[in-house]
Amino acid sequence: MAHNNHTHLHGQDLPKVLQLLPNPCFALVEANNSHKFHFLKAWASPLPQDQFLETHAGSVQVLLSSAIGPPITAQILHLLPSLKLLVTISAGLDHVDLAECRARGVAIASASKIFAEDVADVAVGLLLDVMRNISASDRFVRDGFWVSKCDFALGSKIGGKRVGIVGLGNIGLEVAKRLEAFGCNILYNSRKKKPFVSYHFFPDVCELAANSDVLVICCGLNAQTHHMINKKVLLALGREGVIVNVGRGAIIDEKEMVQCLVRGEIGGAGLDVFENEPHVPKELFALDNVVLSPHQAALTPECFTALRELVIGNLEAFFSNKPLLSQVENN
């Protein structure tokens, strides 16, 4: 780990923390901590990024990143031979070359636990919205149809529904906890069976879909989960089935999902994430049984405050040779 006593250091002598692109959370971190750390901003330099990184290659031990910034590739890691820690403010790690970090001995501190409750709230909100037609009924009233048409499509009872959760990690467990309170029957698929829960485990996601009324996607995106929710899984979910995605867009084969929704082969969708953000398939805009959200499930003021404290805590721990607050085990 790092070896810096930075109590009385100033300016260039402070421990260096690299940022590749601006981020509102990083700005909050810097605002109260510029006396403790020297924040290097690659985007603010007149030098091309590669040259900027090479200039600081020998002294940068920590890199801040997020899922909406540039991916942390082998090429970037190669330019930073002194790097010891990557602090990411995202729950997912699909923007990081984990194998290269492992090979170089770069520790990773993530924010997965910080987001869990807020993301779970949105997952449940999307499920409720789709199944009870909340957004659609809001449009129905605003457009004056309550007066002229009187009748509106009935929603579906939540209690008693079989909810299949794909990925029973921090977020998935919070979703399960919330939906248990609604009286839902929780089923799940995960990399391995969780011995500490009583929910029914399905090793095969297609079998999970076939036994679920709602499928909630909470897992991370990686080579194994890319397009894991394909046409076969969607057809297994069926004409009455609803899919909710708060994971990553590319976990679902988006083209197939759009076709299934347009043809009525699945019952509805609540989507916070998409395959080619910020671009959303236009076919979805006309569908009343689809609720859309601009990848903001994790974004609350409380979350930003907790994130800032976590990033600072990880930086202070690293430069004091103490255990990280949120280290990713085995990357």
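Predicted model: local features only at pLDDT ≥ 70, side-chain atom pairs only at ≥ 80, totals over all residues.
Figure 1. Leaving aside residues up to four places away in sequence, E174 touches A116, E117 and A120.

Figure 2. The domain assignment of the protein gives domain 1, made of residues 16–113 and 301–320, and domain 2, made of residues 115–292. The C-alpha centres of domain 1 and domain 2 lie 33 Å apart, and 11 residues of domain 1 are in contact with 6 residues of domain 2.

**Figure 3. The largest nonpolar core and the placing of L315.** The largest nonpolar core has 57 residues, and those with the most contacts inside it are L127, V163, I165, V175, V216 and L315. Helix α5, residues 112–132, gives the most to this core, with 11 residues. Domain 1 and domain 2 both give residues to this core, so it lies between them. L315 touches V17, V29, F37, F39, V62, L64 and V87, when residues up to four places away in sequence are not counted. A second, separate core of 30 residues includes M228, I252, I266 and L271.

**Figure 4. The open sheet of parallel strands.** Seven strands form an open sheet in the order β8-β7-β6-β9-β10-β11-β12, with parallel pairing. Strands β8 (200–201) and β12 (290–292) stand at the edges, each with a single partner strand, so one side of each is left without a neighbour in the sheet. Within the sheet, β6 (residues 162–166) and β9 (residues 214–217) pair in the parallel sense over 4 bridges, and G164 stands opposite L215 in β9.

**Figure 5. Strand β11 and its pairing with β10.** Strands β10 and β11 pair in the parallel sense over 4 bridges, with N245 standing opposite L271 in β11.

**Figure 6. The buried face of helix α11.** Helix α11 covers residues 254–263, and its buried residues are E254, M257, V258, C260 and L261. Seen down the axis of α11, these buried residues fall within an arc of 165°, so they line one face of the helix. What covers them includes α10 (231–237), β10 (242–245), β11 (268–271) and β12. Just after α11, G264 takes a positive phi of about 75°.

**Figure 7. Spans taken from the UniProt record.** An unreviewed UniProt entry lists residues 124–297 for "domain: D-isomer specific 2-hydroxyacid dehydrogenase NAD-binding"; in the model this span is 33% helix and 16% strand, and its end C-alpha atoms lie 11 Å apart. The unreviewed UniProt entry also places "domain: D-isomer specific 2-hydroxyacid dehydrogenase catalytic" at residues 41–328. Over residues 41–328 the chain is 37% helix and 14% strand, and the end C-alpha atoms are 25 Å apart.

Definitions and conventions:
Residues numbered from 1 in each chain as written. Heavy atoms only, no water. UniProt positions renumbered as here; feature names shortened; annotations may be inferred. Helix = DSSP H or I, 4+ residues; strand = E, 2+ residues; numbered from the N terminus. Pairing = 2+ DSSP bridges. Buried < 20%, exposed > 50% of the residue type's maximum accessible area, 1.4 Å probe, protein only. Arc of directions from axis to C-beta. Contact = heavy atoms within 4.5 Å. Core = buried A, V, L, I, M, F, W, Y, C linked by side-chain atoms within 4.5 Å. Domains from an automatic or database assignment.
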